[in-house]
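Q: Hi! I'm new to this one and would like a friendly tour. Could you walk me through it?

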Amino acid sequence: MAKSKKKAETVFLVCEETGHYNYTLRRKPGGEKLRLKKYNPHVRKHTWHLEKKK
């Protein structure tokens, strides 16, 4: 039986407050969208970032 191989895709973490693309990740497709609290250098504090494909 052949296994289906899902290739990793590049996704971006976008700040919910400013809309800046601050981080990139490589992850396999599927699953829930990430929502992480990461540092935003533009406003110099931690803000919520949401996963988005470009």
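A: Happy to. One term to start with: buried means under 20% relative accessible area, exposed means over 50%, and partly exposed is in between. Also keep in mind that this is a predicted model.

Q: Thanks! So where does V43 lie, and is V43 buried or partly exposed?

A: V43 lies in the loop between β3 and β4. Its relative accessible area is 35%, so V43 counts as partly exposed.

Q: How far is V43 from E17 in space?

A: The C-alpha atoms of V43 and E17 are 9.4 Å apart, while in sequence the two residues are 26 apart.

Q: You mentioned strands. What order do they have in the sheet?

A: The order is β2-β1-β4-β3, in an open sheet of four strands with antiparallel pairing. The edges are β2 (21-27) and β3 (35-40), each of which pairs on one side only. On average, neighbouring strands here are turned by 40 degrees against each other, direction ignored.

Q: What holds strands of a sheet together in general?

A: They pair through backbone hydrogen bonds, either parallel or antiparallel.

Q: And how many bridges join β1 to β2 here?

A: Six bridges join them; β1 covers residues 9-15 and runs antiparallel to β2. Across that pairing, V14 stands opposite Y21 in β2.

Q: Switching to rings: how many aromatic pairs are there?

A: A search of the whole structure finds one. The partners are F12 and Y21, in an edge-to-face arrangement with 5.6 Å centre to centre and 85 degrees between the planes.

Q: Why edge-to-face?

A: Because planes over 60 degrees apart count as edge-to-face, and the angle for F12 and Y21 is 85 degrees.

Q: Are those two buried or partly exposed?

A: One of each. F12 has 18% relative accessibility, so F12 counts as buried. Y21 has 37%, so Y21 counts as partly exposed.

Q: Which residues lie over the faces of W48 and Y23?

A: R35 lies over the face of W48, at 4.2 Å from the ring centre. For Y23 it is K38, at 4.6 Å from the ring centre.

Q: Last topic, T47. Where is its place, and why does T47 count as buried?

A: T47 is in strand β4, residues 45-52. T47 counts as buried because its relative accessible area is 1%, and the cut-off is under 20%.

Q: Which residues is T47 in contact with?

A: Leaving aside neighbours within four places in sequence, T47 is in contact with C15, E17, L36, K37, K38 and N40.

How values were computed
Residues are numbered from 1 along each chain as its sequence is written. This is a predicted model: local features need pLDDT of at least 70, side-chain atom pairs count only at pLDDT 80 or more; totals for chains, interfaces and linings use all residues. Side-chain values use heavy atoms; hydrogens and water are left out. Two strands pair if DSSP finds at least two bridges between them. Helices (H or I, at least four residues) and strands (E, at least two) are DSSP runs, numbered from the N terminus. Axes are lines fitted to C-alpha atoms, for helices over the stretch in contact, and angles run from 0 to 180 degrees between N-to-C directions. Rings of Phe, Tyr and Trp (its six-membered ring) pair if their centres lie within 6.5 Å; planes under 30 degrees apart count as stacked, over 60 as edge-to-face and the rest as tilted. Buried means under 20% relative accessible area, exposed over 50%, partly exposed in between (1.4 Å probe, protein chains only). A charge sits over a ring if NZ of Lys or CZ of Arg is within 6 Å of the ring centre and within 35 degrees of the ring normal. Contact means heavy atoms within 4.5 Å.
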